[in-house]
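Please look over the sequence and the model shown here, and then read the briefing that follows, which is grouped by topic.

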Amino acid sequence: AQIGPPGLELQSTNGVIKVKVSPPEANQRKKMWINDLYFKYNLVFWENSSHAQLQSKNIFPVDTIDDLAPDSTYCFKVQANLPREAKQGLFSPISCVQTTQKVNDLLCATNLRVLALNMDFQLLWDDQENQEVNYNVQYLLGFLKTLHDDYSDKWLSVPRCENITSTWCNFSSIISTMGFYYLRVQAREGHNKSCLSREVKVDPLKTNGIGPPGVRLDLSDTLLHIFISPPGGAADEVMRDHYDLSYRILYWKNSSDKEAEVKQKEVKQTIATVPDVAPSSLYCVKVQAFSEPYNKSSAYSQQECIHTPAGTSLPLIIFGIFMGALLVVLLVATPLVFVLYQAYSKMKYVFFPSCQPPLNIEGFGAQLFSSPYVSAAEEPVESCCVIESVVTEEGNQIDFTDYKHSKQSSRDSGNYSNDDNTAGSKGSKETLEKEMV
């Protein structure tokens, strides 16, 4: 669909032209374009003369055109565009109006300018008179100008900048990173006379400037460590999160006998390292912060210098490292070897004894030797017998009768051999026979 021409109204007052644009389908019941806020308006104007030059400007639905020649006729036409759809509309019919003479009011604040550094915003202006004048700084939320409504009553006063006599105002308290703002200064003398200055636009992230970062240096062996503090300090989240900062580091060896060779290094982190610094030397560093998305850069930080200590010979360093490693090994290995040896001794004593103790040991109370880790062996049972000699009167014959003794087990008895018992029995029998003979 083709975008039709918008409506255009012009008003000339005090040397400026007030422009009011209505959307292309403002008076239609049925509309092709549902949301009028999507339209962007391009105004083309020129002075109605033989040497006219066309000028164009993107404007809001309600806007002003200044810096025009007084008492001159200017012609205007406007078109509505849809940048999202890459569509351009038809121009409105040409309307012409004559400018008036601008009254130079010495009461008005002039030369309004904004100074912003690390999200600290200051508005400054010039005072045309030496007499005492009270100022009231006002601001307008930028999105209100995108509407087709009149915003003249939507201006608000900046806190702590009401009825002041100074020619500056800190308006950081009203600033956020979302949207944009317009500011103006109302000068008042007494209760009846006042004058409004020209407006100045403030887009916070674009208007703000990046300050120099902080720098701190440190040394370790042959390394130079550079610690960077982001602009605005570590607590300034806006500078750290919205600008995607990088850092440009300049460093050089400060020597009096020859010209210093400046080297450059760029990093994203806030910590950087310069290797292979020479001993007994003075190194200097300065850092610049920059943001590629916003094409902004800061001034360089103050120059920071550090003196490297005297060098240590390489053999001494190697010997010191070797001795330290050896000491660590000894401290760790000695307790470990002792623990392993003790565990090995216990396991060998329990599972692999060097000798088997006798089952019964005579004397010393005849107590059985036992190990706390080995179960006691079963005591063998011995067979014993008692021999009695019986002498009968009827013959000189001696009968030897064997009485078998019941099997018994005793832990108090010693070790007796059956052969010895048999030998003893035979000797007793022979002795008795000789005596009888």
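Asn163 counts as exposed because its relative accessibility is 59%, where exposed means over 50% relative accessible area, buried under 20% and partly exposed in between (1.4 Å probe, protein chains only). This is a predicted model, in which local features need pLDDT of at least 70 and side-chain atom pairs count only at pLDDT 80 or more, while totals for chains, interfaces and linings use all residues. Residues are numbered from 1 along each chain as its sequence is written, and side-chain values use heavy atoms, with hydrogens and water left out.

**Loop residues with positive phi**

- Asn163 is not a glycine, yet has a positive phi of about 55 degrees, and this residue is found in the loop between strand 12 (156-157) and strand 13 (168-170); strands (E, at least two residues) and helices (H or I, at least four) are DSSP runs numbered from the N terminus.
- Asp71, also a residue other than glycine, has a positive phi, near 50 degrees, and its place is in the loop between strand 5 and strand 6 (73-82).
- Asp71 counts as partly exposed because its relative accessibility is 49%.
- Most residues other than glycine have a negative phi.

**The largest pocket**

- The largest pocket has a volume of about 1,500 Å³, a volume being the space filled by probe spheres set on grid points that are joined across faces, edges and corners.
- A pocket is an open set of points on a 1 Å grid over the protein atoms alone, where a 1.4 Å probe fits, with protein on both sides within 12 Å along at least five of seven lines, and lining residues have an atom within 4 Å of a point.
- The lining of the largest pocket comprises 45 residues, and those nearest its centre are Val16, Thr64, Ser197, Arg198 and Glu199.
- Among the elements that give two or more residues to this lining are strand 1 (7-13), strand 2 (16-22), strand 9 (110-117) and strand 15 (193-196).

**Lys193**

- Lys193 is found in strand 15 and counts as partly exposed because its relative accessibility is 41%.
- Between Lys193 and Leu107 the C-alpha to C-alpha distance is 8.6 Å, and the two are 86 residues apart in sequence.

**Met323**

- Met323 is found in helix 3 (residues 314-351).
- With a relative accessibility of 38%, Met323 therefore counts as partly exposed.
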